[in-house]
Amino acid sequence: MLSILEIIGPTMIGPSSSHTLGAMRISRFSYNLINGIPSRVTFYLHGSFQDTYIGHGTWLALLAGVCGLRTDDPKVAKADEVAEELGLEYEYRPIDLGDVHPNTVKISTEKNGIHHEVIGSSIGGGRIRINSVDSVECDLDGEYPTLIVENQDVPGALESIISVLSFYGVNIAKMQLKRESVYLRKASAMIELDSSISQEILERIRKMDVVNSALYVNSIMEE
């Protein structure tokens with residue numbers, strides 16, 4: 001059952017939680033993924049987002065999120081000015097993402113020459129669903145600190161990763177697993193955690209022989 005807060009949404013600048021708060025949280029997820037403000041971002045707008053992004057303020061909410069603003073920050077309404085001050089290059093493009101929620105956006109970011117891509121949907125009441133991260137399909141709400149690992153699909157790989165988290169006393173809240181390729185022996189794991197992890201833990205996981213890559217996204221919840 002949804003709480004009252006989840007139904008009415010927290011305090012937020014803007015007319016619609018789906019088109020502002022949800023959009024801003026998806027964008028905040030991208031901000032957390034790259035750990036800061038990108039130098040360039042493209043927002044690919046699908047469905048309702050594409051039709052109403054100006055009138056409902058979605059364009060400002062998306063900008064505000066990727067600039068790292070809090071949801072109750074008065075600067076959200078002037079996120080374009082904030083982006084200009086930061087030297088952030090941005091653009092909006094229409095896209096058809098297929099059979100997804102109407103309020104869906106693909107956010108492509110670039111920072112220090114490194115590109116990342118997030119696809120997320122605003123599903124009502126400010127809640128979001130992250131559908132993919134760097135083309136790896138997932139189903140995340142962004143509320144938990146999340147470790148995104150691409151690992152070798154070999155016996156013991158996942159156990160080794162979990163053992164590192166256990167060593168540092170990090171508890172796992174939820175976990176999603178996917179076999180990416182049998183031929184390439186590649187799999188992915190979305191590990192949602194009860195607490196944030198340090199750079200030391202992330203680097204230790206990245207250096208494991210069974211790990212191809214590892215990303216970390218802090219929780220989008222600001223309360």
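**Close-up views of a predicted model**

**View 1. Helix 4 and its buried residues.** Thr-58, Leu-60, Ala-61, Leu-62, Leu-63, Ala-64, Gly-65 and Val-66 are buried in helix 4. The model shown here and in the other views is predicted. Helix 4 runs over residues 58–66 and is mostly covered, with 8 of its 9 residues buried. An α-helix has 3.6 residues a turn, so residues three or four places apart point the same way. Just after helix 4 comes Gly-68, which takes a positive phi of about 85°.

**View 2. Two cysteines, Cys-67 and Cys-138.** Are these residues buried or exposed? Cys-67 has a relative accessible area of 7%, under the 20% cut-off, so Cys-67 is buried. Cys-138 has a relative accessible area of 12% and is therefore buried by that cut-off. A disulfide is a covalent bond between the sulfur atoms of two cysteines. How many disulfides does the model have? The count comes to 0, taking cysteine sulfur atoms within 2.5 Å as a pair.

**View 3. Tyr-44 in strand 1.** Strand 1 covers residues 40–46 and holds Tyr-44. Tyr-44 has 18% relative accessibility, so Tyr-44 counts as buried. Which residues does Tyr-44 touch, leaving aside those up to four places away in sequence? The contacts are Arg-93, Ile-95, Thr-104, Val-105, Lys-106 and Ser-108. Lys-111 is 67 residues from Tyr-44 along the chain. The C-alpha atoms of Tyr-44 and Lys-111 are separated by 18 Å.

**View 4. The protein chain as the setting for the close-ups.** The protein chain contains 7 helices and 10 strands. Its C-alpha atoms fill a box of roughly 50 × 35 × 35 Å along the principal axes. The radius of gyration is 18 Å; a compact globule of 223 residues would have one near 17 Å, so the two agree. Buried residues make up 48% of the 223 residues. Among contacts with a separation of 6 or more, 67% join residues 24 or more positions apart.

**View 5. Surface and charge of the protein chain.** The accessible surface comes to about 11,000 Å². Carbon and sulfur atoms account for 49% of that surface. How many side chains are positive, and how many negative? The protein chain has 19 positive and 30 negative side chains. The centres of the two sets lie 3 Å apart.

Methods:
Residues numbered from 1 in each chain as written. Predicted model: local features only at pLDDT ≥ 70, side-chain atom pairs only at ≥ 80, totals over all residues. Heavy atoms only, no water. Helix = DSSP H or I, 4+ residues; strand = E, 2+ residues; numbered from the N terminus. Buried < 20%, exposed > 50% of the residue type's maximum accessible area, 1.4 Å probe, protein only. Contact = heavy atoms within 4.5 Å. Rg over C-alpha atoms; globule rule 2.2 N^0.38 Å. Areas by Shrake-Rupley, 256 points an atom, 1.4 Å probe, with all protein chains shown as cover. Lys, Arg positive; Asp, Glu negative; His and termini not counted. Charge placed at Lys NZ, Arg CZ, Asp CG, Glu CD.
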